[in-house]
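Let's take a friendly walk through the inside of a protein model. Keep the picture open while you read.

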Amino acid sequence: MPDIDPAALSRTDTLTTTIPNPLNLSKTNGAAALPSSKAQKTNIANQRIDLEPLYMNLKAAIGDNWAKYKDAISYFILGHLNQNELSSQINPYVCADPNTEHLHNQLIAAIYGNVLRDAPDQSVAPWVSANDKPTILTKPLAGDEAEQRLKREVMQLPARDRRRIKEVPD
(Lines give C-alpha, C1' and ligand atoms only; values in the text may rest on other atoms or scores of the structure.)
Protein backbone atom coordinates (compact mmCIF):
# COMPACT_ATOMS: atom_id res chain seq x y z
CA MET A 1 0.00 0.00 0.00
CA PRO A 2 1.49 3.36 -0.97
CA ASP A 3 2.24 5.96 1.70
CA ILE A 4 0.02 9.03 1.61
CA ASP A 5 1.63 12.43 1.99
CA PRO A 6 -0.60 14.57 4.31
CA ALA A 7 0.67 17.76 2.70
CA ALA A 8 -0.74 16.61 -0.62
CA LEU A 9 -4.21 16.37 0.94
CA SER A 10 -4.39 20.01 2.06
CA ARG A 11 -6.27 22.47 -0.11
CA THR A 12 -4.49 25.48 -1.47
CA ASP A 13 -7.56 27.29 -2.77
CA THR A 14 -9.75 29.34 -0.44
CA LEU A 15 -13.50 29.41 -0.18
CA THR A 16 -15.08 32.85 0.12
CA THR A 17 -18.51 33.08 1.66
CA THR A 18 -20.62 35.75 3.20
CA ILE A 19 -20.91 35.26 6.93
CA PRO A 20 -24.14 36.39 8.61
CA ASN A 21 -23.65 38.81 11.48
CA PRO A 22 -26.05 37.75 14.28
CA LEU A 23 -23.66 38.90 16.99
CA ASN A 24 -23.49 42.49 15.75
CA LEU A 25 -19.73 42.25 15.25
CA SER A 26 -17.85 45.17 13.78
CA LYS A 27 -18.00 45.20 10.00
CA THR A 28 -15.40 46.01 7.43
CA ASN A 29 -16.39 46.36 3.77
CA GLY A 30 -19.74 44.68 4.37
CA ALA A 31 -18.33 41.39 5.71
CA ALA A 32 -17.91 40.47 9.36
CA ALA A 33 -14.43 41.03 10.70
CA LEU A 34 -13.06 37.71 11.87
CA PRO A 35 -10.38 37.46 14.56
CA SER A 36 -7.04 35.95 13.71
CA SER A 37 -6.13 34.24 16.96
CA LYS A 38 -7.87 31.28 18.55
CA ALA A 39 -8.42 33.13 21.85
CA GLN A 40 -10.33 35.90 20.09
CA LYS A 41 -12.49 33.35 18.27
CA THR A 42 -13.48 31.81 21.59
CA ASN A 43 -14.44 35.20 23.02
CA ILE A 44 -16.57 36.14 20.03
CA ALA A 45 -18.23 32.73 19.94
CA ASN A 46 -19.23 33.14 23.59
CA GLN A 47 -20.61 36.67 23.23
CA ARG A 48 -24.31 36.84 23.92
CA ILE A 49 -26.72 37.80 21.17
CA ASP A 50 -28.17 41.25 21.80
CA LEU A 51 -31.88 40.69 22.43
CA GLU A 52 -32.89 44.33 22.84
CA PRO A 53 -33.53 45.18 19.16
CA LEU A 54 -35.35 41.89 18.61
CA TYR A 55 -37.47 42.42 21.72
CA MET A 56 -38.33 46.02 20.89
CA ASN A 57 -39.19 45.27 17.24
CA LEU A 58 -41.45 42.35 18.20
CA LYS A 59 -43.12 44.37 20.94
CA ALA A 60 -43.85 47.17 18.46
CA ALA A 61 -45.15 44.71 15.86
CA ILE A 62 -47.49 42.93 18.29
CA GLY A 63 -48.73 46.18 19.81
CA ASP A 64 -51.71 45.89 22.17
CA ASN A 65 -51.45 42.10 22.32
CA TRP A 66 -47.99 42.23 23.94
CA ALA A 67 -49.26 41.37 27.45
CA LYS A 68 -51.14 38.32 26.12
CA TYR A 69 -48.09 37.25 24.09
CA LYS A 70 -45.73 37.62 27.04
CA ASP A 71 -48.05 35.66 29.36
CA ALA A 72 -48.53 32.86 26.82
CA ILE A 73 -44.76 32.51 26.27
CA SER A 74 -44.16 32.55 30.04
CA TYR A 75 -46.77 29.83 30.64
CA PHE A 76 -45.28 27.77 27.81
CA ILE A 77 -41.76 28.06 29.25
CA LEU A 78 -43.06 27.09 32.71
CA GLY A 79 -44.83 24.06 31.24
CA HIS A 80 -48.40 25.24 31.86
CA LEU A 81 -49.14 25.28 28.10
CA ASN A 82 -48.29 22.74 25.45
CA GLN A 83 -47.33 23.67 21.90
CA ASN A 84 -50.88 23.46 20.55
CA GLU A 85 -52.24 25.67 23.34
CA LEU A 86 -49.45 28.20 22.81
CA SER A 87 -50.10 28.28 19.08
CA SER A 88 -53.82 28.77 19.54
CA GLN A 89 -53.16 31.74 21.82
CA ILE A 90 -50.44 33.59 19.87
CA ASN A 91 -51.11 32.66 16.23
CA PRO A 92 -53.93 35.21 15.72
CA TYR A 93 -51.53 38.12 16.11
CA VAL A 94 -48.12 36.54 15.46
CA CYS A 95 -48.93 34.65 12.26
CA ALA A 96 -51.22 37.35 10.89
CA ASP A 97 -48.19 39.12 9.41
CA PRO A 98 -45.11 37.28 8.05
CA ASN A 99 -42.85 40.02 9.43
CA THR A 100 -44.22 39.56 12.96
CA GLU A 101 -43.81 35.80 12.66
CA HIS A 102 -40.20 36.31 11.54
CA LEU A 103 -39.52 38.64 14.48
CA HIS A 104 -41.00 36.07 16.89
CA ASN A 105 -38.83 33.31 15.42
CA GLN A 106 -35.73 35.52 15.64
CA LEU A 107 -36.36 36.35 19.30
CA ILE A 108 -36.97 32.73 20.30
CA ALA A 109 -33.92 31.54 18.34
CA ALA A 110 -31.75 34.26 19.92
CA ILE A 111 -32.92 33.32 23.42
CA TYR A 112 -32.21 29.68 22.65
CA GLY A 113 -28.83 30.64 21.18
CA ASN A 114 -27.84 32.47 24.37
CA VAL A 115 -28.44 29.40 26.54
CA LEU A 116 -24.96 27.95 26.08
CA ARG A 117 -23.12 31.26 25.91
CA ASP A 118 -21.45 33.16 28.73
CA ALA A 119 -23.75 34.19 31.56
CA PRO A 120 -25.20 37.70 31.28
CA ASP A 121 -24.53 40.52 33.71
CA GLN A 122 -26.49 40.11 36.91
CA SER A 123 -28.01 43.58 36.67
CA VAL A 124 -31.34 44.23 34.99
CA ALA A 125 -30.97 45.09 31.33
CA PRO A 126 -31.55 48.81 30.67
CA TRP A 127 -34.23 48.09 28.06
CA VAL A 128 -36.37 46.07 30.49
CA SER A 129 -38.93 48.28 32.12
CA ALA A 130 -41.49 47.77 34.82
CA ASN A 131 -44.06 49.36 32.51
CA ASP A 132 -44.80 46.03 30.81
CA LYS A 133 -47.25 45.12 33.52
CA PRO A 134 -50.70 46.69 33.73
CA THR A 135 -50.87 49.66 36.06
CA ILE A 136 -54.12 48.49 37.67
CA LEU A 137 -53.38 47.42 41.21
CA THR A 138 -55.14 44.33 42.46
CA LYS A 139 -56.64 44.07 45.91
CA PRO A 140 -55.13 41.58 48.29
CA LEU A 141 -57.07 38.34 48.21
CA ALA A 142 -59.40 37.54 51.06
CA GLY A 143 -59.28 34.14 52.76
CA ASP A 144 -61.76 32.36 50.49
CA GLU A 145 -60.36 33.95 47.35
CA ALA A 146 -56.81 33.01 48.32
CA GLU A 147 -57.88 29.43 48.98
CA GLN A 148 -59.66 29.26 45.62
CA ARG A 149 -56.58 30.61 43.83
CA LEU A 150 -54.35 28.10 45.61
CA LYS A 151 -56.76 25.27 44.76
CA ARG A 152 -56.77 26.33 41.07
CA GLU A 153 -52.96 26.39 41.00
CA VAL A 154 -52.65 23.02 42.69
CA MET A 155 -55.25 21.46 40.39
CA GLN A 156 -53.18 22.58 37.40
CA LEU A 157 -50.38 20.32 38.61
CA PRO A 158 -50.21 16.75 37.31
CA ALA A 159 -51.86 14.11 39.53
CA ARG A 160 -48.48 12.60 40.36
CA ASP A 161 -47.19 15.91 41.75
CA ARG A 162 -50.39 16.45 43.75
CA ARG A 163 -49.94 13.01 45.36
CA ARG A 164 -46.33 13.87 46.22
CA ILE A 165 -47.47 17.13 47.86
CA LYS A 166 -50.05 15.25 49.94
CA GLU A 167 -47.34 12.89 51.20
CA VAL A 168 -45.20 15.74 52.54
CA PRO A 169 -45.47 15.80 56.36
CA ASP A 170 -46.88 18.97 57.89
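This is a predicted model: local features need pLDDT of at least 70, side-chain atom pairs count only at pLDDT 80 or more; totals for chains, interfaces and linings use all residues.

Residues are numbered from 1 along each chain as its sequence is written, and side-chain values use heavy atoms, with hydrogens and water left out.

**The core**

A nonpolar core here is a set of buried Ala, Val, Leu, Ile, Met, Phe, Trp, Tyr and Cys residues joined through side-chain atoms within 4.5 Å. The largest one has 18 residues, and Leu-58, Ile-62, Tyr-69 and Ile-90 touch the most other members. (Helices are DSSP runs of H or I with at least four residues, numbered from the N terminus.) In soluble globular proteins, nonpolar side chains tend to be buried together.

Tyr-69 is in contact (heavy atoms within 4.5 Å) with residues including Leu-58, Ile-90, His-104 and Ile-108, leaving aside neighbours within four places in sequence.

**The rings**

Rings of Phe, Tyr and Trp (its six-membered ring) pair if their centres lie within 6.5 Å, and planes over 60 degrees apart count as edge-to-face. That rule gives two aromatic pairs. Tyr-55 and Trp-66 are edge-to-face because their ring centres sit 5.3 Å apart with planes at 90 degrees. This pair links helix 3 to helix 4, across 11 residues. Ring pairs also bring Tyr-69 into a cluster with Tyr-55 and Trp-66.

**Two helices crossing**

Helix 5 and helix 6 pack at an angle of about 130 degrees, their axes 9 Å apart; axes are lines fitted to C-alpha atoms over the stretch in contact, and angles run from 0 to 180 degrees between N-to-C directions. So the two helices are oblique to each other, the class left over once angles under 35, over 145 and from 65 to 115 degrees are taken out. Ile-90, Tyr-93 and Val-94 in helix 5 meet Thr-100, Glu-101 and His-104 in helix 6.

**Who is buried?**

Buried means under 20% relative accessible area (1.4 Å probe, protein chains only).

| Residue | Relative accessibility |
|---|---|
| Tyr-55 | 11% |
| Trp-66 | 6% |
| Thr-100 | 3% |
| Asn-114 | 3% |

What does Asn-114 touch, not counting residues up to four places away in sequence? Its contacts are Arg-48, Ile-49 and Leu-51. Thr-100, in helix 6 (residues 98–114), touches Leu-58, Ala-61, Ile-62, Tyr-93 and Val-94 on that count.

Note on methods. Buried means under 20% relative accessible area, exposed over 50%, partly exposed in between (1.4 Å probe, protein chains only). Rings of Phe, Tyr and Trp (its six-membered ring) pair if their centres lie within 6.5 Å; planes under 30 degrees apart count as stacked, over 60 as edge-to-face and the rest as tilted.
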